[in-house]
Every structure is written in structure tokens, then in C-alpha cells.
Amino acid sequence: MASPSAPTDSGAFPEGMEQQGKRNIIIIGGGIMGCTTAYFLTRHPKFKPSQYQITLLEASTIASGASGKAGGLLGLWAYPECLVPLSYRLHRELAEEHGGTERWGYRRVECGSIRAVVKGVDDDKSKAKVPTSPQPKPDHQSQPDPSPPPLPIQNTTTARDENEDKDWEKLPKQNADASDLLKRSLLPQDLDWIEGSLVDSYEEMGSEGRAETAQVHPFLFTTSMAQLAKESGVDIRLGAKVTKISFDKTRVQSVEYENRQTGETVRIEADDSTDVVITAGPWTGRLFPPTRIHGIRAHSVVFDADVSPYAVFTQIQLPAGFMPEHRVRTGQKKRHRTRVDPEVYARPNGEVYACGETDSSIPLPETADLVQADADKCEDLVAYFGTISPALKAATVKERNACYIPQHMRFGKEMEPIVGQTSVPGLWVASGHTCWGIQNGPATGYLMAEMLMEGKASSANIDKLNPERFRV
């Protein structure tokens with residue numbers, strides 16, 4: 001990964017200095033939450049560049065963590081329900097306004113879950129040719145929904161252990177609530193990049209009124225939000241690693257960060273007109289421990305393959321004694337698990353994204369650019385999909401990645417994200433969205449803009465995400 005860039009020079013004030021008389025909003029973190037918050041702040045009717053100074057501090061580069069390495073799946077069946085409908089709608093509206101189909105790969109997709117049983121790896125089948133990309137069904141394309149009432153913030157246009165009997169560790173988006181939304185269906189005809197003879201069930205995701213699924217390319221979407229915010233006057237400082245937030249019971253006093261290019265420590269003084277928003281993903285808990293937000297590592301690979309537009313959750317029963325070839329080559333003798341549950345999403349740019357196992361074996365590093373992937377875990381994903389997809393077995397792997405997903409954990413249980421003002425006046429948090437950060441980023445940024453500009457969130461009821469509920 002490229003080294004952090006120098007803080008950007010967007011015509012704003014020198015580091016550590018803010019213009020007197022302006023209301024200052026400091027956003028910590030250049031992932032999806034920080035970038036959408038910055039974007040929607042600049043779209044709020046009350047925003048005037050002459051009256052507001054918005055500064056975004058990012059320790060590495062924009063979307064260098066999970067916001068750039070996630071799958072980008074969007075679903076009306078996602079969670080939490082208080083964010084999903086608004087965010088799904090905003091994704092569509094943002095794509096319509098800014099050309100998201102071309103700019104960040106926004107489109108509707110089909111989504112389902114399969115159960116496959118691999119009784120043995122058939123070398124002849126594995127040599128099957130990659131299918132040509134079928135034309136998507138008409139309802140794959142983005143179709144305008146009946147126009148809902150306009151939102152208050154207007155856009156600029158008028159429109160585990162290795163035991164076999166232990167469940168494989170799943171990503172959080174495959175929770176019980178989502179599984180309950182599956183409905184029976186036959187394997188679709190155009191889902192031809194999965195070996196149908198191995199599949200003994202296919203279940204389409206969704207229920208009446210909640211069946212829609214779409215996608216974006218997360219890196220392209222997040223960086224586009226950042227660019228649009230910058231064009232509207234947001235001061236984006238890269239390589240700015242926040243090291244300390246000073247506060248008392250009445251307000252935030254200062255924010256300190258390290259300029260990673262020069263090594264200089266920069267201190268931004270705060271006053272009663274300053275708001276600080278922590279959108280630091282898995283690093284949120286380090287900056288403000290009461291949030292109890294930490295990171296769990298997830299791995300992914302990207303195949304160079306042009307296939308029909310489906311997102312597929314899998315349950316693969318591997319043959320007894322299955323051992324991926326890369327582990328055999330390195331002399332590993334440990335028994336490999338025989339049931340795995342990875343996910344795979346076709347993308348419109350001739351890519352297929354696959355993700356799987358999470359682990360907490362490596363602590364969260366200091367910054368996103370220091371995250372390291374476990375090569376074996378990435379190759380495991382390649383091997384798993386090679387057993388059920390001739391197309392992916394034949395495809396080149398163009399990326400092998402890892403990122404840390406932010407989790408809000410209390411009493412050993414994963415909780416809802418935290419969105420709102422903390423017990424410290426002027427200190428806000430928007431983090432802990434687990435696997436649904438890209439899906440719920442627009443609604444989070446939109447509601448944060450409402451709260452910062454109006455004092456309350458009016459476009460959705462997010463009381464259950466209030467930091468006060470968790471004594472934060």
C-alpha cells in the first residue's frame with residue numbers, strides 16, 4: 001500500500017489554526033462514515049462556507065480500511081432496521097445525482113444463499129471454460145422506485161478450532177434475522193458460474209417489501225464522497241493520525257494529531273463552537289474507550305472474472321480430508337475444516353469479490369495502511385470457490401486483502417452501532433456498523449448532519465443507537 005500522503009492543501013487554514021467566528025466541525029476518520037458525514041454537512045441548507053470550517057483528519061488515505069476493502073453489498077433486508085430504508089434510498093439518489101452507475105458501480109443485483117456438497121474434486125470439471133457473461137435480467141438494472149417525499153437535506157440537483165463439527169466463523173451480516181428472510185427458489189438459470197450439480201438448495205434473499213439488493217464498489221463510492229465534500233470546501237488532511245482528544249465535563253478542549261509526513265504534532269484548539277465527530281471505525285475505541293468499539297479482521301480476494309450479477313452466500317460441505325493445495329505445499333498436516341460459509345459478489349467491472357473467515361489473532365495495528373493479510377486465509381478462499389465454480393477456479397486473483405471490521409461489543413455480545421452525541425458536549429460518535437458500514441453509511445452521514453446542524457435527527461428514529469443508551 002502506498003505511503004500516506006501529505007495533508008491536503010485545499011485553501012483552508014494552516015494546521016492548528018481555525019478562523020475566529022466560524023463554527024468548527026472536526027471529523028476523525030476518512031472511511032465511509034466520515035466521508036458521508038462531511039458530504040451531507042455541505043449539502044445542508046444551513047451550511048455556508050463563510051460560517052463553517054469542516055476539517056476531516058485521516059491517519060492514512062481515504063478508504064484505506066474496511067471502507068475500501070469491503071464487499072459493497074446493499075440490502076433492504078440488512079440491519080439495523082432504523083438505518084436501512086433511509087440509507088438504501090440515499091444510495092439510489094446519490095447514484096442518480098452523481099452518475100454512480102459509472103462512477104462507483106451502483107446497480108441492482110440478485111442475492112441468494114446456496115448449500116453445496118463437494119464429494120470430491122473433479123479435475124475434468126475444474127477445467128471447464130469460463131462462461132461468457134450473460135445479459136442481466138431486466139430487474140437487475142436500477143429502476144426508480146415510487147418517489148418518496150423529499151428529505152430535509154437537499155442534494156444539489158433538483159431531482160475457530162479445526163474441529164469438523166464446529167460451525168465455521170461467519171461474517172456478522174449472516175445473522176439469524178437475515179437467515180429468516182430467505183425464501184425457497186430454484187437455482188436461477190443465469191447463475192451459471194456456480195456448478196449446479198453440486199448445489200442441493202438455493203434460497204433467494206428477501207421477503208415481501210424487503211427483497212431488494214444492490215451494490216456499490218466501496219472504495220470508489222467512499223473516495224467519491226470525499227472528493228465531492230472537498231469540492232464543497234471540506235479541508236481533508238491525510239496522514240493526520242489523531243493521538244489525543246482532550247475534554248472535560250463541559251466541552252472538548254483540543255484535538256492533537258501527528259503529521260505522519262513530517263512527524264510534527266499538531267494541536268487544534270477547541271471552544272464552545274467546536275464539534276468533534278469520531279468516525280474512526282475499529283480505531284474508535286482507542287480514541288474514546290467508553291464506546292467499546294474494536295476491530296475484528298476479515299479477509300477477501302478479488303477475482304478477474306466477468307459473470308452474471310449475483311451476490312451469493314454459501315454453505316459448502318467439503319470432502320472428507322480436504323486440504324487446500326497451498327497448505328499441502330507448505331507441509332501443513334493440521335486437519336482442515338470441512339464446512340465453510342464464504343460469500344461472493346459479482347461486480348460490474350469484470351471483478352468478483354469473495355470474503356470469508358474472520359479472526360482476532362492479530363491485534364489492530366496503529367493505522368489502516370499497516371494492516372497485513374494472512375496469505376493462507378486468502379488462498380483458502382480461492383480454494384473453496386474453486387470447488388464449486390469452474391469460472392472462479394480458472395480466474396486470476398488480482399487482489400488479496402484484509403481489513404478490520406468495527407464491532408460494538410458489550411458483555412460478550414455484538415450491539416448496534418453508536419450514532420450521536422456522547423456525554424461530553426460537542427463530542428460525537430458514528431461507528432460500530434460491522435459488515436453493514438457501506439450499506440448504512442449514507443443514512444449515518446445524513447443523520448449526523450441533521451444532528452449537528454439542527455440538534456436532532458428528524459429523518460429516522462435512531463434512539464436505539466444513542467450513545468446515552470450505553471452510557472458513552
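Buried means under 20% relative accessible area, exposed over 50% and partly exposed in between, with a 1.4 Å probe and protein chains only. This is a predicted model, in which local features need pLDDT of at least 70 and side-chain atom pairs count only at pLDDT 80 or more, while totals for chains, interfaces and linings use all residues. Residues are numbered from 1 along each chain as its sequence is written, and side-chain values use heavy atoms, with hydrogens and water left out.

**View 1. Helix α7 and the residue that follows.** Helices (H or I, at least four residues) and strands (E, at least two) are DSSP runs, numbered from the N terminus. The 14 residues of α7, 218-231, reach 20 Å from first C-alpha to last, close to the 20 Å expected; the expected span is 1.5 Å times one less than the number of residues. P218, F221, T222, S224, M225, A226, L228 and A229 are the buried residues of α7. Just after α7, G233 has a positive phi of about 110°.

**View 2. Packing of helices α3 and α12.** Helix α3 (residues 84-98) meets helix α12 (residues 437-454) at an angle of about 95°, and their axes are 7 Å apart. Axes are lines fitted to C-alpha atoms, for helices over the stretch in contact, and angles run from 0 to 180 degrees between N-to-C directions. The two helices, α3 and α12, are therefore roughly perpendicular to each other, a term for angles of 65 to 115 degrees. In the contact (heavy atoms within 4.5 Å), α3 supplies V84, L86, S87, Y88, L90, H91 and L94, and α12 supplies I438, Q439, N440, G441, P442, A443, Y446 and L447.

**View 3. The cis peptide bond at P80.** Y79 and P80 are joined by a cis peptide bond, with omega of about 0°. P80 is in the loop between β3 (73-75) and α3.

**View 4. R292, a residue with positive phi.** Most residues other than glycine have a negative phi, and most peptide bonds are trans. The phi of R292 is positive, near 55°. R292 sits in the loop between α8 (284-287) and β14 (293-304). With a relative accessible area of 44%, R292 is partly exposed.

**View 5. F411, in a loop between strands.** F411 is not a glycine, yet has a positive phi of about 55°. The loop that holds F411 runs between β19 (396-410) and β20 (413-414). F411 is exposed, and its relative accessible area is 81%.

Notes
Angles under 35 degrees count as roughly parallel, over 145 as roughly antiparallel, 65 to 115 as roughly perpendicular and the rest as oblique.
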